[in-house]
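Grab your viewer and let's work through a ligand site and a nonpolar core. Try each exercise before you read its solution.

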Amino acid sequence: MTDLPLRNRRAVVTGASRGIGRTIALALAEAGADVAVSARSQAPLEELAGEIREMGRRSLAVPCDVTDPEQVARLAQTVLDAWGGVDILVNNAGAAGSHKFLNHPDELWHHMLAINLTSVYYVTKAFLPPMVEQKWGRIINIASIASKTGAKYIAAYTASKHGVLGLTRSLAMELVEHNITVNAICPGYVDTPMTEANIANIAARTGMSPEQVRRTLENMSPQKRLITPEEVAALTVYLAREEARGITAQAINVDGGTVQW
Ligand code: NDP
């Protein structure tokens, strides 16, 4: 038991009800951390918290819409009241949406910025004070290769994810003196419900079969496959470890070599 790398660390994961966030929460618990899990839907959170407790860790299931600063403040209060602090914050909650730029709906623009960028601002701001006080912290933002490259029809998503890198890098510089690292993980297409929805959407628009669309997405990577949530989770656990203290202000791709910077 003593060699668990994240033993006695307290973690929070947003967007943990499914997909990458759920897998990250389980991987952090596997590595020894207590994990508070959050998303809007309560039932899958309760189930996940139960699984984490069965692993012998503490867990809290706290529903929260991360686009609402009042709900975010309540989330932080609930976790901090229960555990007295937090060591690892994983900003994972996010959503994808696409539209050509001609006649782009303003609501889509505002929604993408709110859920993918402003949420990271709100949640980080809410959990930062105890990290500063204890002079130790890990902030890990799940960004995207869309944080580094542009592609057609996803201007709002791309702008929001580029913004996450700007926030990551600036915050990393500001928090160096407090012994807090801030990094971003930039996955390519990951096999999750988000990508399933994406595939269904493209299939409906193009008349391609879902299998053909999936193959097209796979072929966008030199490895010709989708990334698994477990691969993203493994890097998250590593960045949370003491050994990763020299890694900050970075944006690390997990994309099979698609993007090379
Ligand atoms: P999913 O759609 O599978 O899961 C998204 C999670 O975010 C869910 O738990 C959802 O829960 C939560 N969420 C959505 N909106 C809100 C909200 N307003 N408030 C709180 N929680 C919310 O997505 P993935 O697991 O695929 O993606 C996770 C992250 O990884 C996202 O930031 C995404 O942009 C990023 N990413 C994904 C890639 C992919 O190919 N899948 C590639 C690169 C990056 P609920 O609905 O219950 O609120």
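**Exercise 1.** Find which helices each supply at least two residues of the shell around the ligand.

*Solution.* Keep in mind that this is a predicted model. Start with the helices: helix 1 (19-30), helix 5 (155-175) and helix 6 (193-206) each put at least two residues into the shell. Helix 6 has the largest share, with 3 residues. Next, look at who comes nearest: of the 30 residues around the ligand, that's Ser17, Arg40, Ser41, Val190 and Thr192. Sorted by type, the shell splits into 15 nonpolar, 11 polar and 4 charged residues.

**Exercise 2.** Explain why the ligand lies between domain 1 and domain 2.

*Solution.* Check both domains for shell residues. Domain 1 (10-188 + 228-253) and domain 2 (190-226) both contribute some, so the ligand lies between them.

**Exercise 3.** Which members of the largest nonpolar core touch the most other members?

*Solution.* Of its 34 residues, pick out Ile24, Leu28, Val35 and Val37. Then trace the suppliers: among those giving at least two residues each are strand 1 (10-14), strand 2 (34-39) and helix 2 (42-54). Helix 8 gives the largest share, 6 residues.

Methods
Residues numbered from 1 in each chain as written. Predicted model: local features only at pLDDT ≥ 70, side-chain atom pairs only at ≥ 80, totals over all residues. Heavy atoms only, no water. Near = heavy atom within 4 Å. Helix = DSSP H or I, 4+ residues; strand = E, 2+ residues; numbered from the N terminus. Nonpolar A, V, L, I, M, F, W, Y, C, P; charged D, E, K, R; others polar. Domains from an automatic or database assignment. Core = buried A, V, L, I, M, F, W, Y, C linked by side-chain atoms within 4.5 Å. Buried < 20%, exposed > 50% of the residue type's maximum accessible area, 1.4 Å probe, protein only.
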